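Here's a quick briefing to read with the model open beside you. Start with the structure itself, then work through the notes by topic.

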Amino acid sequence: MDRYGFYTGKIFDAYEYLGCHLTPGGAVFRTFAPAAQKIAVIGEFNQWSETWMNRIEDGHFWECEITGAKSGMMYKYRIYKRDGSCTDHCDPYGFGMELRPQSASYIRDLNAFRFEDENWMRTRTDCKNGPLNVYELHAGSWRTPEGAENKWFNYRELADLLIPYVKEWGYNYIELLPLSEHPSDNSWGYQNTGFFSPTSRYGTMDDLKYFVNQCHLNDTGVLLDFVPVHFALDDYGLADYDGTSLYEYPHTDVGDSEWGSKNFNHSRGEVCSFLQSAASYWMKEYHMDGLRMDAISNMIYWQGNPARGVNSNTVNFIRYMNAGLKSRYPGIILAAEDSTSFPKVTEPAEAGGLGFDYKWDMGWMNDTLAYMKENSAYRQENYHKLTFSMMYYYDEKFLLPFSHDEVVHGKATILQKMNGGYDDKFPQARALYMYMYAHPGKKLNFMGNEFGQFREWDEKREQDWMLMDFPLHDAFHGFMKELNHIYLKYPAFWALDYDRAGFLWLDCEQKLPCVYAFVRSDGKREIAAVFNFSDQPVSYPLHWETKGSIRLLAASDDKRFGGTTAYEAGTVYQALKGKTGVPVFEIPMEAFSAKYLICQS
């Protein structure tokens, strides 16, 4: 390992040296603990007795080799502090960990699994000019085995169930909530103790590699939620690792996070090398196709508060890490969960940006859902909540998220947020999703949104699949399936997502009755999207400068999807001559409805 690079925060391969690595006769153990008085390895191979480690190099690293240590055996580091006390720690660079509440690390063979996804790895892209439709899920509560003692499917079982589902329903990427080992189920993986350890809740390292490999063999990408901001407080983890604040800030005013965890001290090169190596590890060893990075606003600004100023060390860390990952792993996707107005989040690092490919459009999400919660009688007063996003859209490369954060903590699910009673919610949700999929930007939906989950997400329970027995939910599921496949099929919806030529307002001033119309284009073909978010039907005169007739591509009020209108396949609308010479199409729009219209070819 490059020691100078490690100390200056420049390396991405620290895990190849630190941690536990198999040797022909056993295993070698190494850890970084400058302030420790002494360290012993305890594990199954020595009956949990103490095998002392030796200080090496500059005295900040410790090492020992143990004969007879094998893959699958458990171990810990017993670290003695300067005051003589000791704590048993999991390995910060360990490749596996016990299921909570236990905390030992596992010895793992990094090279045991053989991937078969060469074609995918060679041809994958960041999807800037292609479709990106992400299905976000929590691996432990998408589905659970019935009547099993272990309440989770393992990674292999999940692959067999999930991959056919996402392919059939029109998603081309899966995004998994954090899989790094974590002690508390209700942290959803966002408070980690094992940054290099896939959680044992769902199986082993090789089980997860199997999952990713199978996704790639089925043309499905895999993104992983990654947490470079903070870590869990548990004393066996990173906190106070060598008796000092090795990974965290020494002062609580910046060291303690709002989530009851410890903030990483990104001003230390060793910490930067640790996190960069963890990010690289998931890409290199597991063939992950990218990372969604959590709580970036809390990295840009001290404690996430712009009034406290920019944390320049952390910003430089993000920039350097992203540039390094992009150069090492072609075609990966790096997405930022960031609600700030900090500039150039999605500009390349070499151009002064943070180097992300995408930024979650939290403004679009909040405005859109606030609009849909309102009684339709008041929507005209807030008409421009649905137009404002295009005022800033081209400032960054945005992804539109309806994520896990929007369906918990008393917020209600996406369907439940719709105004009105049970029957009124479905037509509004269908129109909402047609608006989302026509709006520029890549797409992300959390599990359950696609069939109208009514109960807020609970990590302890699987999604309410029995809702499919109810006609409106089953029809909504079918609607989302068709909408997803339309999105994937037609380049007008994604080819020019970040080019102004890909979007044109046709009408954004119809406050009464809350009608909107715009065109999406791939430079060759145009698709018009028309929306009526009022509770009154209208015959809408669509002014669209196109030749000849247009045909219906999709309608949210189709009876097939629980709507009120039976449409003939490919319904055609003829143009009338407008006063200005622009063709006018009379488009009947039911209450709370949307239509996609395409030029006849």
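**Overall picture**

Of the contacts in the protein with a separation of 6 or more, 71% are between residues 24 or more positions apart (contact here means heavy atoms within 4.5 Å). Keep in mind that this is a predicted model, where local features need pLDDT of at least 70, side-chain atom pairs count only at pLDDT 80 or more, and totals for chains, interfaces and linings use all residues. Residues are numbered from 1 along each chain as its sequence is written, and side-chain values use heavy atoms, with hydrogens and water left out.

**Size and make-up**

- The protein has 14 helices and 30 strands; these are DSSP runs numbered from the N terminus, with helices being H or I of at least four residues and strands E of at least two.
- Its radius of gyration is 26 Å, close to the 25 Å from the globule rule for 601 residues, so the protein is as compact as a globular protein of that length. That radius is taken over C-alpha atoms, and the rule is 2.2 Å times the number of residues to the power 0.38.
- The C-alpha trace spans about 90 × 50 × 45 Å along its principal axes.
- Buried residues account for 63% of the 601 (buried is under 20% relative accessible area, exposed is over 50%, partly exposed is in between, with a 1.4 Å probe and protein chains only).

**Helix α14 and its partners**

- Two packed helices are described by the angle between their axes and the distance between the axes. Axes are lines fitted to C-alpha atoms, for helices over the stretch in contact, and angles run from 0 to 180 degrees between N-to-C directions.
- Helix α13 (residues 422-438) packs on α14 at an angle of about 10°, with the axes 11 Å apart. That makes α13 and α14 roughly parallel (under 35 degrees counts as roughly parallel, over 145 as roughly antiparallel, 65 to 115 as roughly perpendicular and the rest as oblique).
- Residues in this contact include Phe426, Tyr433 and Met434 of α13 along with Phe476, Phe479 and Leu483 of α14.
- By class, the α13 contact with α14 has twelve nonpolar, two polar and two charged residues. Nonpolar covers Ala, Val, Leu, Ile, Met, Phe, Trp, Tyr, Cys and Pro; charged covers Asp, Glu, Lys and Arg; the others, Gly among them, are polar.
- Helix α3 (residues 155-169) and α14 (residues 471-489) have axes that come within 8 Å and cross at roughly 70°, so α3 and α14 are roughly perpendicular.
- On the α3 side you'll find Tyr165, Lys167, Glu168 and Trp169, meeting His477, Lys481, Asn484 and His485 of α14. By class, that contact has two nonpolar, three polar and three charged residues.

**Loops worth a look**

- Asn265 sits in the loop between β16 (262-263) and α6 (269-286), and is buried at 6% relative accessible area. Beyond its neighbours within four places in sequence, Asn265 contacts Tyr247, Glu248, Tyr249, Pro250 and Val271.
- Arg100 and Pro101 are joined by a cis peptide bond, omega about 10°; Pro101 is in the loop between β8 (86-89) and β9 (105-106).
- Leu512 and Pro513 are joined by a cis peptide bond with omega about 20°.
- Gln47 has a positive phi, near 55°, and counts as exposed at 65% relative accessibility.
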